[in-house]
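Dear colleague,

I am passing on the structure below, and I would be glad if you could look through it before reading my notes.

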Amino acid sequence: MKVIVLSEVLEYFEDLVVILYEREYFGFEDTALKYVIELYDDIVATLPTRLHKPAPAYFDRYGKNMKYAAFRKNKSTTWYAFFTTYWENGKTIYLVRYVANNHTIAQYL
């Protein structure tokens with residue numbers, strides 16, 4: 001099994017550090033960076049073993065036949081990784097196409 005993250009998602013993670021710091025979710029930019037790195041690492045390390053569900057049609061804009069898995073970071077925030085799977089050389093590849101949290105997409109799930 002292998003997890004690949006689209007470059008657009010990687011860019012979002014980079015922007016997320018700045019957003020979390022500027023909106024004062026974290027008092028230090030280093031703390032925001034650590035949070036985002038831990039989220040990324042969690043997705044890459046555990047996505048294949050996570051319970052996943054079919055993504056609602058709303059998310060077809062990011063890819064067809066997607067699934068999503070939840071990553072709870074604290075009492076109020078759960079992140080969702082939306083992905084497609086395919087097989088290459090007998091291995092399952094998980095392609096992460098979109099990442100968002102419950103504060104921004106809960107109404108669509």
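The protein chain holds three helices and five strands, where helices (H or I, at least four residues) and strands (E, at least two) are DSSP runs numbered from the N terminus. Please bear in mind that this is a predicted model, in which local features need pLDDT of at least 70 and side-chain atom pairs count only at pLDDT 80 or more, while totals for chains, interfaces and linings use all residues. Residues are numbered from 1 along each chain as its sequence is written, and side-chain values use heavy atoms, with hydrogens and water left out.

Read along the sequence, the elements follow the pattern β-α-α-β-β-β-β-α. The radius of gyration of the protein chain, taken over C-alpha atoms, is 14 Å, close to the 13 Å that the globule rule gives for 109 residues, so the chain is as compact as a globular protein of that length; the rule itself is 2.2 Å times the number of residues to the power 0.38.

The five strands form an open sheet in the order 1-5-4-3-2, with mixed pairing, two strands being paired if DSSP finds at least two bridges between them. Strand 1 and strand 2 (52-54) are the edge strands, each pairing on one side only. Strand 2 pairs with strand 3 in the antiparallel sense over three bridges, and His52 has Ala69 in strand 3 as its bridge partner. Helix 1 packs on the sheet, where it touches strand 1, strand 4 and strand 5 (contact meaning heavy atoms within 4.5 Å), and its direction makes about 40° with that of strand 5; such axes are lines fitted to C-alpha atoms, for helices over the stretch in contact, and the angles run from 0 to 180 degrees between N-to-C directions.

Buried residues (under 20% relative accessible area, with a 1.4 Å probe and protein chains only) make up 36% of the 109 residues. Not counting residues up to four places away in sequence, Ile43 touches Val3, Phe13, Phe71, Ala81, Val96 and Val99.

Technical notes. Buried < 20%, exposed > 50% of the residue type's maximum accessible area, 1.4 Å probe, protein only.
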